[in-house]
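The exercises below go with the structure shown next. Try each task before reading its solution.

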Amino acid sequence: MSDNTSGQPYHAKPGESLADIYNIPGIVLFIAGVVGLASTLTAAGYGSTEWVALGATATAICFITSVAVFWLEHERLRRLAQARVPVPTEPQSRIPE
C-alpha cells in the first residue's frame, strides 16, 4: 500500500492509508486521544478536577502529535512523488519520420 509495496507514492483508493505501516503510530496516538477524551469526560462527571487537568493535557498531546505524524508522513510521500516524476525543462518535439 505504501510507496515501498505498490510502487505508487500516493494511495489510489480510500482506506489504503490505514494499511500503510508508516501511519500506525498516528493511528495509535489518535485512538489514545479518543480514550483519553472519554476518560477526561468521565473524571469531569465525577468531579475529580486533578484527573481532568491531567487527562485534558494528555488528550491534547495525543491529538496534536497524531496530526503531526500524519502530516509528516504525507510530506514524506509528497517528496517521494516529486522525486520520481521528472520535471520537463523544455518541450520535446518529435520529428515525423
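**Exercise 1. State what covers the buried residues of helix 1, and name these residues.**

Solution. What covers the buried residues of helix 1 includes helix 2. The model is a predicted one. The buried residues of helix 1 are Gly26, Gly33, Gly36, Thr40 and Ala43.

**Exercise 2. Find which residues of helix 2 are buried and what they pack against.**

Solution. Begin with the list: in helix 2, the buried residues are Gly55, Thr59, Cys62, Ser66, Glu73, Glu75, Leu77 and Ala81. Next, look at their surroundings: these buried residues pack against helix 1.

**Exercise 3. Work out how the axes of helix 1 and helix 2 are arranged.**

Solution. Step one is to locate the elements: helix 1 covers residues 24-46 and helix 2 covers residues 49-84. Step two is the geometry: their axes come within 8 Å and cross at roughly 160°. Step three is the class: angles over 145 degrees count as roughly antiparallel, so helix 1 is roughly antiparallel to helix 2. Step four is the handedness of the crossing, which is left-handed. Step five is the make-up of the contact: its residues divide into 16 nonpolar, eight polar and no charged.

**Exercise 4. Compare the reach of each helix with the span expected at 1.5 Å a residue.**

Solution. Helix 1 has 23 residues and reaches 33 Å from its first C-alpha to its last, close to the expected 33 Å. Helix 2 has 36 residues and reaches 53 Å between its end C-alpha atoms, close to the expected 52 Å. Just after helix 1 comes glycine 47, with a positive phi of about 85°.

**Exercise 5. Describe the protein as a whole: how many helices and strands does it have, and what share of its residues counts as buried?**

Solution. The protein has two helices and zero strands. Of its 97 residues, 21% count as buried. For the contacts, take those with a separation of 6 or more: residues 24 or more positions apart account for 59% of them.

How values were computed
Residues are numbered from 1 along each chain as its sequence is written. This is a predicted model: local features need pLDDT of at least 70, side-chain atom pairs count only at pLDDT 80 or more; totals for chains, interfaces and linings use all residues. Side-chain values use heavy atoms; hydrogens and water are left out. Axes are lines fitted to C-alpha atoms, for helices over the stretch in contact, and angles run from 0 to 180 degrees between N-to-C directions. Helices (H or I, at least four residues) and strands (E, at least two) are DSSP runs, numbered from the N terminus. Angles under 35 degrees count as roughly parallel, over 145 as roughly antiparallel, 65 to 115 as roughly perpendicular and the rest as oblique. A crossing is left-handed if the near helix is turned anticlockwise from the far one by less than a right angle, and right-handed if clockwise. Ala, Val, Leu, Ile, Met, Phe, Trp, Tyr, Cys and Pro count as nonpolar, Asp, Glu, Lys and Arg as charged, and the others, Gly among them, as polar. The expected span of a helix is 1.5 Å times one less than its number of residues. Buried means under 20% relative accessible area, exposed over 50%, partly exposed in between (1.4 Å probe, protein chains only). Contact means heavy atoms within 4.5 Å.
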